[in-house]
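Have the viewer open and try each task before reading its solution.

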Amino acid sequence: MYRNGGGERIEKKIVKKLRERGIESITGLNLRDAYVKSSHIRCHGINMDKLDLFFSYNAGEQTQYQMYLYRVLNRMIPCINNYDSFELSEDKFQTSYLLRNSGVNTPDFRLCHRDDSKRLKKFIRSWKQMVYKPTDGWGGVGLTKIDNEATLDTLLPFLNQMDLRFFYVEKFIDYDRTDYRVDIVDGEFVGCYGRKAGGTDWRTNITSGGSVFLREPEEEVVDLAKRAAKIVGLEIAGVDIIYDRKRKEYLVLEVNGIPAFATPEQEKAGLDFNDRKIEKIVDLIDRKTATGR
């Protein structure tokens, strides 16, 4: 579990509820501290590949080493989230590509080779405004709004200095600078809140200055989030949705594999989905440990 935003308190609740069902838990098994000894992945004296299930919820700690062991472990025991879907959700392009080809509306996007600046300029001429996105970033880090071709010309030398293999860009959507974050666990709706961009910023991410507010989702929004989570294959998902004012339709921006619980401060403000989410996660772990994969 992550330790920020009340994570330790939530972990204790999950452990307590699992114990009530006769399921013992071992906490603190961080893949960062794990190593492989012959045929076992070991961490703090535990053979992790002999566990009945591995539950990972450590946002912002997906180093290449952790991801590598996560993938190996997923081949041996059930993991939540399952590695394949989690890895997919970490890649914005691949997620959008799969959603689009499965009939889910997303912003228009393009991918091109890093040396193909001519094509990139063609995109901005067509769209007028677009957003450059690192495919594996989170929290709004690295998102760059490009308002015209002159801005792109200024930006390209900096991007070319980076170790990029390609450019992933999305058409900038005309929206009201708010979004829906819809939490889904095991295919069921758990909770929803809204996020609003701060000041003159256009990004709604909390780490980019956005703020959280209470928001009741329409049935259409919930159904869209359920579809997106199912297509990506995540057992636990946080689906970000915005409303395109021009096309008058909801679009899925991202599907997150480690959606945050409400912080103690947010709970006091009325975000009350934590207990439902914990209950659904415990149900999921109970079922997975009883039936295996």
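The exercises below use a predicted model, and each task is followed by its solution.

**Exercise 1. Classify the ring pair of Y193 and F273, and say which parts of the chain the pair ties together.**

Step 1: The ring centres of Y193 and F273 lie 5.9 Å apart, and pairing requires centres within 6.5 Å.
Step 2: The planes meet at 10°; since planes under 30 degrees apart count as stacked, this pair is stacked.
Step 3: Y193 belongs to strand β11, while F273 sits in the loop between α8 and α9, so the contact ties together parts 80 residues apart in sequence.
Step 4: Y193 and F273 are both buried.

**Exercise 2. Find the salt-bridge partner of R9 and decide how accessible each of the two residues is.**

Step 1: The side chain of R9 meets that of E267, at 2.9 Å from N to O.
Step 2: R9 is in helix α1 and E267 in helix α8, 258 residues apart.
Step 3: Buried means under 20% relative accessible area and exposed means over 50%. R9 has 34% and E267 has 27%, so R9 is partly exposed and E267 is too.

**Exercise 3. Locate the salt bridge between K277 and D183, and state whether the two residues are buried or exposed.**

Step 1: The closest N and O atoms of K277 and D183 are 2.7 Å apart.
Step 2: K277 lies in helix α9 and D183 in strand β10, so the bridge ties together parts 94 residues apart in sequence.
Step 3: K277 and D183 are both buried.

Notes: Residues numbered from 1 in each chain as written. Predicted model: local features only at pLDDT ≥ 70, side-chain atom pairs only at ≥ 80, totals over all residues. Heavy atoms only, no water. Phe/Tyr/Trp six-rings, centres within 6.5 Å; stacked < 30°, edge-to-face > 60°. Helix = DSSP H or I, 4+ residues; strand = E, 2+ residues; numbered from the N terminus. Buried < 20%, exposed > 50% of the residue type's maximum accessible area, 1.4 Å probe, protein only. Salt bridge = Lys/Arg side-chain N within 4 Å of Asp/Glu carboxyl O.
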